[in-house]
Amino acid sequence: MSEQQRKQPRKSEAIDEEIETETVDTSRKDQLDDDVDAILDDIDAVLEENAEEFVRGFVQKGGQ
Amino acid sequence: MTVHRIQGSEIEYGIVVTGQPDANPVLASSRVVNAYASAQHLARRARWDFEEETPLCDARGFSIGRQTAEPGMLTNEETSMANVILTNGARLYVDHAHPEYSSPEVTSPLDVVRWEKAGELLMARAANHASHLDAGTPTAGDIVLYKNNVDNKGASYGAHENYLVQRDIPFRDLVAQLTPFFVSRQIVCGAGRVGRLADGSEAAFQISQRADYIETEVALETTVRRPIINTRDEPHADATLFRRLHVIIGDANMCETSIFMKHATTSLMLHAIETLSAPAPLVLRDPVRAVHAISHDPTLRQLVELDDGRHMTALDIQWQLFESMKAMVAAADTEADSQTEFALDRWEHLLTCLGSDPESCFGQIDWVTKLHLLNRYRDRDSLAWHDPTLQMIDLQYHDIRSERGVFNKLTQTGRVESLVTREAIEDAVTHPPTDTRAYFRGMCMNKFGHGVAAASWDSIIFDVPGRDSLLRIPTSDPHRGTREHVGRLFDDNDTIESFVAALTTA
């Protein structure tokens with residue numbers, strides 16, 4: 001397959017256009033706790049109400 | 001040396017019917033699949049064509065009899081279970097007791113991210129349709145889907161990767177090279193789990209969802225005695241040229257960067273193995289125990305023993321593999337393509353951060369993201385690891401609903417890395433990739449779905465008005481059937497009769 005792939009220069013150009021990374025700014029590291037803490041209330045609001053019962057009731061059949 | 005190759009992913013989703021703990025999961029999964037089909041107004045439901053399926057064929061060169069197979073291995077039995085072939089080339093169906101989305105074949109890790117994320121969108125919509133359709137009936141109850149791998153009661157379900165690999169590589173070489181890689185890569189692409197042991201009875205956080213369900217080094221089974229390396233040899237391509245590596249050790253990821261890295265690093269390893277340029281592999285003394293031990297230590301200090309008596313951490317192993325791959329890419333005659341370069345940059349960045357300050361991988365690596373969130377909760381509310389709230393957050397991290405899913409909520413922090421635009425993902429819900437045979441399959445469903453009697457990875461079977469017999473078009477080469485190859489046939493023909501005539505005389 002290696003040969004086939006080397007013969008596809010056009011493809012990598014097309015892919016250059018595809019990567020649209022919204023890079024994470026690691027210099028804001030010291031603010032990470034603040035950013036996450038700021039959303040805890042939002043998460044509280046959507047968490048299933050009776051966590052204990054919900055977690056106990058989450059029973060799945062095995063798969064592959 | 002490249003991350004490009006034919007690949008794809010298969011995700012079995014956890015399923016809950018709200019307020020009905022005793023709901024039949026097979027029935028609920030069928031509701032999801034059928035609701036999606038009816039929402040698409042499919043005039044006709046193409047069957048799955050099982051002719052090329054050989055799940056009992058072992059890559060080590062033998063087949064097992066159907067009588068000796070575990071019932072869970074008979075994945076080629078025609079059943080009445082719901083199945084839909086989608087216009088994006090994917091398959092949506094009921095596997096065991098879970099709805100499953102098998103992505104179309106794509107050629108790069110970035111496209112895996114795109115069509116796997118499209119799968120999350122359409123699965124969430126399917127569950128929503130099913131919940132509305134059946135409102136007021138005896139089976140009513142909102143259906144919620146979880147893109148995870150464990151129920152913390154003993155059951156696990158899979159998130160598998162598939163890679164097309166050259167047949168002429170001895171399988172033992174794949175096993176030797178991939179074992180230390182698969183054992184250690186969880187630090188980059190583990191999804192994180194609250195609970196240890198298969199039944200979750202030990203309260204603690206671990207790196208991988210899947211680790212505690214891995215019981216053996218190499219095996220054909222996927223539902224019991226799960227192996228590090230699965231030997232299912234069902235290439236869905238010319239079996240004299242290719243095998244399909246079916247990887248079952250991976251976790252279901254939410255972070256796009258984790259999905260990308262999982263596929264990109266595995267593709268690089270496979271390329272090195274195929275070109276015989278991989279250095280002699282590290283040999284672990286007990287790979288299965290190493291999978292568990294590494295997963296159980298989020299501080300990443302756990303040492304695992306090598307056959308030569310040395311001890312290494314998972315980070316040491318990953319660094320060594322990274323350095324080999326980087327050297328091989330640098331030594332190649334051709335310049336690396338952009339995804340390969342991106343993969344190497346990210347790999348180095350993530351390993352560096354994991355070694356110095358793991359929290360800086362928030363939004364890129366799932367287990368780090370989940371653990372950080374859990375730790376903020378633990379700090380705020382003084383929670384111990386056995387607190388059900390923490391298990392609830394773990395579970396709901398994988399809830400795929402945009403308004404309730406915790407991972408989806410976290411994207412609002414601006415801290416979660418995205419690699420593909422929302423528009424590209426939305427487009428992939430209904431459109432196939434253009435550079436594999438999935439294009440042909442998806443376009444056939446899109447344009448001539450009413451005339452497709454059955455389909456599979458390897459074939460499309462047409463039922464053409466006026467023809468006495470069904471017409472089976474094999475699609476045995478994943479590289480053919482691309483837009484470049486057959487796009488004009490779809491542009492030029494608006495009826496199935498003329499399309500099939502053009503196809504068979506082309």
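1. Ser382(B) sits in the loop between α9 and α10 (388-397) of chain B. Helices (H or I, at least four residues) and strands (E, at least two) are DSSP runs, numbered from the N terminus. Ser382(B) counts as exposed because its relative accessibility is 67%. Buried means under 20% relative accessible area, exposed over 50%, partly exposed in between (1.4 Å probe, protein chains only).

2. On the basis of the model: it is predicted, local features need pLDDT of at least 70, side-chain atom pairs count only at pLDDT 80 or more, and totals for chains, interfaces and linings use all residues. Residues are numbered from 1 along each chain as its sequence is written, chains are lettered from A and ligands numbered from 1 in the order in which they are written, and side-chain values use heavy atoms, with hydrogens and water left out.

3. Helix α9 of chain B covers residues 366-381. Its span from first C-alpha to last is 22 Å, close to the 22 Å expected. The expected span is 1.5 Å times one less than the number of residues. Buried residues in α9(B) include Trp367(B), Leu371(B) and Tyr377(B).

4. Arg225(B) also has a positive phi, near 40°. Arg225(B) lies in the loop between β13 (214-219) and β14 (226-230) of chain B. At 41% relative accessibility, Arg225(B) is partly exposed.

5. Asn162(B) belongs to strand β10 (residues 159-166) of chain B. Asn162(B) is buried, at 11% relative accessibility. Its contacts (heavy atoms within 4.5 Å) include Ile6(B), Arg244(B) and His246(B), not counting residues up to four places away in sequence.
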